[in-house]
Amino acid sequence: MTGPRGGNDRGGNYRGRNDRGGGEAIVLSLGSNLGDRLANLQLGMDVLAGGGLDLQAVSSVYETDPVGGVDQGDYLNAVLLAGSSLPPRDILAKCATAETAAGRVRTQRWGPRTLDVDIIICGAVVSADLALTLPHPRAHERAFVLVPWLELDAHAELPGKGPVASLLRALPATSDSTGSYLTGPNSSGTVRRRPELRLTLPVPEAGAPCS
Ligand code: A4P
Ligand code: MG
């Protein structure tokens, strides 16, 4: 069934629009490879929602090979589209709150985590600040970001890097009939869509903007 909270034809969950409403278009990447991975992603979304961040669409869930050279379990990854007029640092603070709510403990860079929430873009904002680099400095080379983002927005562009579709084609990746992206050695890892694992957009706050 389709409708305001129905799924899209690739398994993601849309609120029924692709525009960003008021404020900047925000793209967030969620990842988990510790504990109940799907529950961690859902909790992260639930904590992120509201308070000035209007969640609009969530991708399918993808199971992905760990990237970064640390020996760890596979991740579940998803991408969120949102709209917000909050300053980027406030959105980063909301990401940190969501990570804390999921019990995130930082022991090792690129190591296993219950929940990681990264800001991929805040509109066209460009920042080299190490505390908040925008766009995310590694998004363009990560299939676990590009594949779910492209699922939600076929015309997505990464400021300064170009169309997401082109960036994905530039990775050593090919799609197969199941929609998985099979990547070769030295690549950003295999990305497998898990249509049976679904995330649900939280219900908007009363009075929040809605199409
Ligand atoms: N920071 C700067 N810019 C940003 C941004 N755009 N979004 C700062 C979010 N945070 C940003 O992050 C370290 C610092 O980055 C923060 O204090 C923030 O101020 P962190 O979450 O504490 O540590 P981290 O995630 O281990 O480091 P980093 O460099 O953010 O790692 P990545 O690049 O996020 O990689 N493999 C798979 N398959 N799927 C994954 O999701 N994730 C990682 C983490 C590694 N391998 C993965 C995955
Ligand atoms: Mg992070």
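## Conventions

A crossing is called left-handed if the near helix is turned anticlockwise from the far one by less than a right angle, and right-handed if clockwise. The model is predicted: local features need pLDDT of at least 70, side-chain atom pairs count only at pLDDT 80 or more, and totals for chains, interfaces and linings use all residues. Residues are numbered from 1 along each chain as its sequence is written, while chains are lettered from A and ligands numbered from 1 in the order in which they are written.

## Helix α2 and its faces

Helix α2 spans residues 88-101, with 14 residues; helices are DSSP runs (H or I, at least four residues) and strands likewise (E, at least two), numbered from the N terminus. G103, with a positive phi near 80 degrees, follows α2.

I91, K94, C95, A98 and E99 are the buried residues of α2 (20 or more other C-beta atoms within 10 Å of their own; exposed means 12 or fewer). Seen down the axis of α2, these residues fall within an arc of 140 degrees, so they line one face of the helix. On the other side of α2, R89, A93 and A96 are exposed.

## Packing

The buried residues of α2 pack against β2 (24-32), α1 (37-48), β3 (53-58), β5 (75-84) and β6 (116-122).

α1 passes α2 in a right-handed crossing. Contact (C-beta atoms, placed from the backbone, within 7 Å) is made by L43, G44, V47 and L48 of α1 and K94, T97, A98 and A101 of α2.

Methods: Expected span 1.5 Å × (residues − 1). Arc of directions from axis to C-beta. Contact = placed C-beta atoms within 7 Å.
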